[in-house]
Amino acid sequence: MKRSDDVFFFTLIDFLVQVFFFGLVLYVLGQSTQANKEREQKEVADQIKKLLDATGVSTITELTDDLTNMAPIDQLKGMADFINRNGGVSAIKNANEVVRDAGGMQNLKAGLMRLKKLEDGLGKPPCLFDVVGEKKVVKPLATVVATDTTIEFQSEGDELRKVLELLNVRFSAVRELSLSDFRRTFSPIIQHKSDCRYTLRFLERTRIVDARDAARFAFYLNIEKP
């Protein structure tokens, strides 16, 4: 065999070896890719099965149809925020049971309004009033000045004196009271005058409502700001 034939022969062998090597590499890569695809497909299938089991549907088509009929995603997000702000699904279920037991939302609201009126004494006629024409014009029992911490009577009139006699206290003892003392001192008037409510001319020298709340427990208030 000539030298040129030897060179050609070895060159051909080298080329075939390279072709075989690259073919082997491509085969290995192909097998690896196929294995990854199969593994990913198996994981996806497992996740789909779990989703179907959790939602109680039998096929992905049925699940897709259900999801298509659901509310838009922004509404779903708003609903999720609402549930979280109100203590979760359990708390909302309990609240719904309360509403249902009350006979519905309208009955519940009406009942709460009746309770508030009962607590506030609303609906009771004024104890002191003048009749002008066919209308009752309320007369205040007294004038008080309310601050952040106290309620002070401006003067003792005849009607206030009668009320203090019912409570068995002197005007000097109640002329200026802390908010808690005012409420404690005058709360018994509700039992003494259960069929009506006295009214105070309430000069409010405070931006907070603590004094108002303390007095409103036993009196109607005609509130005046400075």
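**Exercise 1. Find how many cavities of 30 Å³ or more the structure holds, and describe the lining of the largest.**

Step 1. This predicted model holds 1 cavity of 30 Å³ or more. A cavity here is a set of points on a 1 Å grid over the protein atoms alone where a 1.4 Å probe fits but cannot get out. Local features need pLDDT of at least 70 and side-chain atom pairs count only at pLDDT 80 or more, while totals for chains, interfaces and linings use all residues. Residues are numbered from 1 along each chain as its sequence is written, and side-chain values use heavy atoms, leaving out hydrogens and water.

Step 2. The largest cavity has about 40 Å³ of space, the volume filled by probe spheres set on the points, which are joined across faces, edges and corners.

Step 3. Its lining (residues with an atom within 4 Å of a point) consists of Ile-189, Ile-190, Lys-193, Cys-196, Arg-197, Tyr-198 and Ala-218.

**Exercise 2. Work out which residues have the most contacts inside the largest nonpolar core.**

Step 1. Such a core joins buried (under 20% relative accessible area, 1.4 Å probe, protein chains only) Ala, Val, Leu, Ile, Met, Phe, Trp, Tyr and Cys residues through side-chain atoms within 4.5 Å. The largest has 30 residues, and Ile-151, Phe-153, Phe-182, Phe-186, Leu-200 and Phe-219 have the most contacts inside it.

Step 2. Now look around Phe-153: leaving aside residues up to four places away in sequence, its contacts (heavy atoms within 4.5 Å) include Leu-160, Phe-171, Phe-182, Phe-186 and Leu-200.

Terms used:
On a 1 Å grid over the protein atoms alone, a cavity is a set of points where a 1.4 Å probe fits but cannot get out, and a pocket is an open set with protein on both sides within 12 Å along at least five of seven lines; lining residues have an atom within 4 Å of a point. Buried means under 20% relative accessible area, exposed over 50%, partly exposed in between (1.4 Å probe, protein chains only).
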